[in-house]
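Colleague: I am new to this structure. Please pick out a single part and take me through it closely, in plain terms.

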Amino acid sequence: MVRICVLCSTDRAVLKRPKTGQQICRACFFAVFEHEIHNTIVDNALFKRGDKVAIAASGGKDSTVLAHIMKTLNDRHDYGLDLFLLSVDEGITGYRDDSLETVKRNEQQYQIPLKIVSYEQLYGWSMDAIVKEVGLKNNCTFCGVFRRQALDRGAVLLDVNHIVTGHNADDIAETVLMNILRGDFSRLQRCTAIRTATDETIPRSKPFKYTYEKEIVMYAYFKKLDYFSTECIYSPNAYRGYARAFLKDLESVRPSAIMDIIHSGEAYETKVDVKVNVPVEGRVVVGTCERCGYMASNKLCKACVLLEGLNRGLPK
Ligand SMILES: Nc1ncnc2c1ncn2[C@@H]1O[C@H](COP(=O)(O)OP(=O)(O)OP(=O)(O)O)[C@@H](O)[C@H]1O
C-alpha cells in the first residue's frame, strides 16, 4: 500500500519521522528538520548579525550535518554570519587522521575555511602517546579536558566570537541521566543550557539541542553528505554506554522520552540551589590558571593539572 505524506498530502511517504512518528515524504522531512533548527536558533537568539562563528567539526555525522545546516540557514535566512570550520586533531592514528580528511573535503564542499589545532602542538602529547602512558581506562578524561580547551584556543586563533557544536538531543538527554546517576547536581543544572559562556571563554551553543540523533543520521543519508562514521578506538566509557543503551530502549517504546528527559533537566535547573559555579544568567564566574592563563576554578586549570601528572610520569 502506498502511503501519502501526512504533511503535504501529495507525495509518497518514504520515512517515519523518529521524533513524531509521522509518515512523511523526503521534501517535507528536509523542510521540518531545517525549520526546527532555524526556530531553535531564532527563539534562543543564538547569533547576531556579523558574528564570526566556528563550527566545531570532527568529520562525524553530527558536526557534518551542522556545517551543512549552518551554511544552508545562513544563506537562506541571511543571518549575516561569518562561518569557519574548527577541528581538533587529538592524535589518534586510524581514527582522527581519517576523519580529518573528511573535514578537509567538507571545507571544499561547503566553501568554509578550516583551521586544525592539535594536542601535540598545544600540549606536547598526542592521545596515542597518552594512552600508551595511562592505558584505556581514564584516557577519555584527558581527551575531554584537552578538547574543551583546544577548541577555545583554536577559536582565539580564528578570532571568532562564537563556537557551535553538534551535540544533539540524545547527547543532552544522556548527560542529564548521567548527572542524575552520579548525583552531580551542579552539572545537572548546567547541562541543558543551549548556550554556555564564562567570563574567560568564547560562548558555545548547541543548535541541535532539540534534534534527534536518528533524524540527523536520516538527513545525512538522504542528503548524501560526506561524513566519517567510525567510533573512537579509545572510547570504552562503559558507564555512559549504559546510559545510552537505556535511553535507546526508552526511545523505542516512547519516542518522546528524549525530549521529556531534556525538559526534566531544564525544570530541575531552576529549582536546585547549588553553591559551586552556579551560573549567573547563563554565565559561570571563574578565575584564571596561573600557569597558562586559561579559565580555572583553582590555581591551575584542569589541563595543566593533567599535564603536570603526564610530564612527571605520574599520569594515574
Ligand atoms: N576533534 C574534534 N574537533 C572539533 N570538534 C569536535 C571534535 N570532537 C568533537 N567535536 C565537537 O563536539 C561535538 C560532540 O562530540 P562527540 O565526541 O560527542 O561526537 P559525536 O556525537 O559523534 O559527534 P560527531 O558526529 O560530530 O563526531 C561534535 O559534534 C563536534 O561539534
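Modeller: The UniProt positions used below follow the numbering used here, the feature names are shortened, and an annotation may be inferred rather than shown by experiment. The model itself is predicted. An unreviewed UniProt entry places the feature "binding site" at Ala 56, Ala 57, Ser 58, Asp 62, Val 88, Gly 166 and Asp 171.

Take two of these positions in turn. Ser 58 sits in the loop that runs between strand S3, residues 52–56, and helix H2, residues 61–76. Ser 58 counts as buried because it has 23 C-beta neighbours inside 10 Å, and 20 or more are needed for that. Leaving aside residues up to four places away in sequence, Ser 58 touches Ser 63, Ser 87 and Ser 99. Asp 171, also listed in the record, belongs to helix H7, which covers residues 169–182. Asp 171 has 21 C-beta neighbours inside 10 Å, so it is buried too by the cut-off of 20.

Now turn to the ligand. The shell around it is made of 15 residues, and the closest are Ala 56, Gly 60, Asp 62, Ser 63 and Gly 166. Two elements, H2 and strand S4 (82–89), each give two or more residues to this shell. H2 contributes the most, with three residues. Sorted by class, the shell holds seven polar, five charged and three nonpolar residues. Among the closest residues, Ala 56, Asp 62 and Gly 166 are also on the UniProt list.

For H2 and helix H9, residues 213–222, the angle is about 65° and the axes are 10 Å apart. Their crossing is left-handed. On the H2 side the contact is made by Lys 61, Asp 62, Thr 64 and Val 65, and on the H9 side by Ile 216, Val 217, Tyr 219 and Ala 220. The residues of this contact comprise five nonpolar, two charged and one polar.

Ser 235 is partly exposed, because 15 other C-beta atoms lie within 10 Å, which falls between the limits of 12 and 20.

Methods: Residues are numbered from 1 along each chain as its sequence is written. This is a predicted model: local features need pLDDT of at least 70, side-chain atom pairs count only at pLDDT 80 or more; totals for chains, interfaces and linings use all residues. Helices (H or I, at least four residues) and strands (E, at least two) are DSSP runs, numbered from the N terminus. Two residues are in contact if their C-beta atoms, placed from the backbone, lie within 7 Å. A residue is near a molecule or strand if its C-beta atom, placed from the backbone, lies within 6 Å of it. Ala, Val, Leu, Ile, Met, Phe, Trp, Tyr, Cys and Pro count as nonpolar, Asp, Glu, Lys and Arg as charged, and the others, Gly among them, as polar. Axes are lines fitted to C-alpha atoms, for helices over the stretch in contact, and angles run from 0 to 180 degrees between N-to-C directions. A crossing is left-handed if the near helix is turned anticlockwise from the far one by less than a right angle, and right-handed if clockwise.
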